[in-house]
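Subject: Structure handover

Hello,

Here is the structure for your files. My notes on it come after.

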Amino acid sequence: MVHISRICWRKYGNFVDNLRLYVRGGCGGMGLPRLGGQGGKGGDVWVTATKDMTLKKIKDKYPQKRFSGAVGVNSSIRALRGEKGEDEEICAPVGITVTSDDGRLLGELNAEGERVLVAKGGRGGSLHSAFHPSKGQVKHIRLDLKLIADLGMVGFPNAGKSSLLSALSHATPQVANYAFTTVKPEIGKLMYTDHKQISLADLPGLIEGAHLNKGMGHKFLKHVERTKQLLFVVDVCGFQLASKTPFRSAFEAVQLLTRELELYKEELLCKPALLAVNKMDLPDAEDRLAELQEQLENPHEFLHLLPPDMVPTKQLTFRHVVPVSACSGLGTDRLKALVRDSLDWDATEADESGHRDRLQALRKTATMMPVWGKSSAL
């Protein structure tokens, strides 16, 4: 038996599943004491669920990550009641939770058009405030993509995803010898001896053209967005969806899966990925595995096997390639260990990055603070 466990760490900095933002409601407008005029209310800050938006797009478009409502209009002789300042709207993806920096839930965005108020504008100056306006709310908020699982299983129908989920976890998905047994995500828990748990989602099988909404199409791909990492599952001996469709080798299956994800949303290929080569109990499996290994190491020499329009523009680098058999249990313990290693590595990187960001913010604050106790001679 050939055991492959290649690891190729690289920086997966393009996929963003959480974001910290500074928000400030607009200051109210000044009142007009001699005529009793009331200033306009400051603009509010809202987070709104928007189609085709991602957290990465927010980060790229607004590198400072600061959002403020407009100042309310001052009261005047022409308009004793000042107009309200314009609201600031932060367009965010569907499927996020909005929390304050202390972890308090501000709201959830589960459908396009839903919105959450995150910072109120200040009141305009009036008789009750001696015509002085109040400042708007100031806070830091967090936008977190709601993940259905730590790991999402990606594969064509009958690759053995459901069987592998059963072998790895306590889930009992429908398993049968026909292509479409999974029509909705099945969630299993990988249990470890130290009581660590990792959630694993068996997602509905892709077909060629899923990015065009064929088969489970967008329903499947939408779930892929809500996992931290991907676990590609391919049949070591290849597959054929139907008698009228072409046979695809394991290497072709990997390339086609990559292309479908790329065409739907290129950002998905920024997620860390592992590859489980399933059905190693079949005849000639070891020879097919060796062939696949060579093709993955030199993919450009074999891309001519695919139609030009199905060749991905970006080759996916798998952190681990693991031969397994869901039927016999071969390699499943090793796969569980490598899944945990991959997730733990990312968590450590995120903690270190967060620590560096906080340290940098503290240093910036310290340089802006006045130095007390020093006076210059007149």
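This is a predicted model: local features need pLDDT of at least 70, side-chain atom pairs count only at pLDDT 80 or more; totals for chains, interfaces and linings use all residues.

Residues are numbered from 1 along each chain as its sequence is written, and side-chain values use heavy atoms, with hydrogens and water left out.

Core. The largest nonpolar core has 38 residues (buried Ala, Val, Leu, Ile, Met, Phe, Trp, Tyr and Cys joined through side-chain atoms within 4.5 Å; buried is under 20% relative accessible area with a 1.4 Å probe, protein chains only). Phe232, Leu261, Leu275, Val277 and Phe318 touch the most other members. H4 supplies the largest share of this core, seven residues (helices are DSSP runs of H or I, at least four residues, numbered from the N terminus). Beyond its neighbours within four places in sequence, Leu275 has contacts (heavy atoms within 4.5 Å) that include Phe232, Val254, Leu296 and Phe318.

Helix pair. H4 (residues 250–264) packs on H5 (residues 285–297) at about 40°, with the axes 9 Å apart (axes are lines fitted to C-alpha atoms over the stretch in contact, and angles run from 0 to 180 degrees between N-to-C directions). Ala250, Phe251 and Val254 of H4 meet Leu292, Gln295 and Leu296 of H5.

Helix H2. In H2 (residues 161–168), the buried residues are Lys161, Ser162, Leu164, Leu165 and Leu168. They fall within an arc of 160° seen down the axis of H2, so they line one face of the helix (the arc is that of the directions from the helix axis to the C-beta atoms).

Regards

Methods
Helices (H or I, at least four residues) and strands (E, at least two) are DSSP runs, numbered from the N terminus. Buried means under 20% relative accessible area, exposed over 50%, partly exposed in between (1.4 Å probe, protein chains only).
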